Amino acid sequence: MRIDNNTIFSIAIDFPCKYEFKNLLPLLLSLETSGFKGNLVLHHNFVEEKEIAFIKNYNIILEKVNPIPSYKGAFNSGDEIRGLDSEPDFLDNGNKGTTSAGQSQMKRFFYIKHFLENNDINEDVYFQLADARDTWYQKDPFDKEILDKSPNKITVSKIGFLSKPDGWKIGEREWGSKVIRKSYGEEILESLKEKPLIGQACVTARSNEFKIYIDAMVREIEILQKNERINVACDEPVFQKWAFENESLLNILHYQNKLITHVAFLSCVEYMVTDE
């Protein structure tokens, strides 16, 4: 397949993450009215063509994947995954709290890597990783006024409530620092705690830089698995650690009361992308 349009990647797994089609409607409806004209690649195990027939403004590419079992240590063979030899297996390795929902957050990077490697990608295309249940677009997320300022960067946004416009530091949020400590230990957490907490709900980059980001996430997750440090939602500490080891690649956007390109809500945390 030839990809010549800006493309959003998202994932919809109905079991055990308890997705239903209604959980996708905010994402789909907001994109429909946002002015977005590109592709939405949806890795899923339950969406039907007839359910998304109302979408007219952009192209949805459905990539069927296996359901993710809800019990520890059990994974499907992966024969149904489009061209993948096997499902990436993330055992809990004794880390209490590892969930299949967390595993889907990690597996999405393997699905995206496979897509990028097996399609003909225009190098000028921009890609974005989006959280399916947590994203509401107010306008086209590939705003040229923002992205063209840093065409060779990976664009991310700080995280914070409206009441904290400068965003949080990693060390200020227990849910963020805890998973870094469990994945990498106290020394790495100490080196990151003064860094801004950045969101992975909406990472955006041109094709070459996006591939660098996805390849890095896959590589780092595999290292954690090999070292038996996989734990719940460890895609976030992997991202924070890799991002600030490669900070020169980042375009970190701040909270300002100017152009907001989208707002997403994730565990009561508000992500806002602005033009500064």
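One aromatic cluster is formed by Phe9, Phe109, Phe115, Phe127, Phe210, Tyr213, Phe239 and Trp242. The model is predicted. Across the whole structure, a search finds 10 aromatic pairs.

**Phe9 and Phe115**
- The rings of Phe9 and Phe115 form an edge-to-face pair, with 5.4 Å centre to centre and 80° between the planes.
- This pair links distant parts of the chain, 106 residues apart: Phe9 lies in strand S2 (residues 7-12) and Phe115 in helix H2 (residues 100-117).
- Phe9 counts as buried because its relative accessibility is 0%, and Phe115 is buried with a relative accessible area of 1%.

**Phe9 and Phe127**
- The ring centres of Phe9 and Phe127 are 5.5 Å apart and their planes lie at 25°, so the pair is stacked.
- Phe9 in strand S2 and Phe127 in strand S6 (residues 126-130) are 118 residues apart, so this pair too links distant parts of the chain.
- Both Phe9 and Phe127 are buried.

**Helices H6 and H7**
- Helix H6 (residues 207-226) packs against helix H7 (residues 235-245) at an angle of about 120°, and the axes are 10 Å apart.
- H6 and H7 are therefore oblique to each other, and their crossing is right-handed.
- On the H6 side the contact includes Tyr213, Met217, Ile221 and Leu224, and on the H7 side it includes Val238, Phe239 and Trp242.
- The residues of this contact of H6 with H7 divide into 9 nonpolar, no polar and 4 charged.
- Tyr213, Phe239 and Trp242 from this contact are also among the members of the aromatic cluster.

Key:
Residues are numbered from 1 along each chain as its sequence is written. This is a predicted model: local features need pLDDT of at least 70, side-chain atom pairs count only at pLDDT 80 or more; totals for chains, interfaces and linings use all residues. Side-chain values use heavy atoms; hydrogens and water are left out. Axes are lines fitted to C-alpha atoms, for helices over the stretch in contact, and angles run from 0 to 180 degrees between N-to-C directions. Helices (H or I, at least four residues) and strands (E, at least two) are DSSP runs, numbered from the N terminus. Angles under 35 degrees count as roughly parallel, over 145 as roughly antiparallel, 65 to 115 as roughly perpendicular and the rest as oblique. A crossing is left-handed if the near helix is turned anticlockwise from the far one by less than a right angle, and right-handed if clockwise. Contact means heavy atoms within 4.5 Å. Ala, Val, Leu, Ile, Met, Phe, Trp, Tyr, Cys and Pro count as nonpolar, Asp, Glu, Lys and Arg as charged, and the others, Gly among them, as polar. Rings of Phe, Tyr and Trp (its six-membered ring) pair if their centres lie within 6.5 Å; planes under 30 degrees apart count as stacked, over 60 as edge-to-face and the rest as tilted. Buried means under 20% relative accessible area, exposed over 50%, partly exposed in between (1.4 Å probe, protein chains only).
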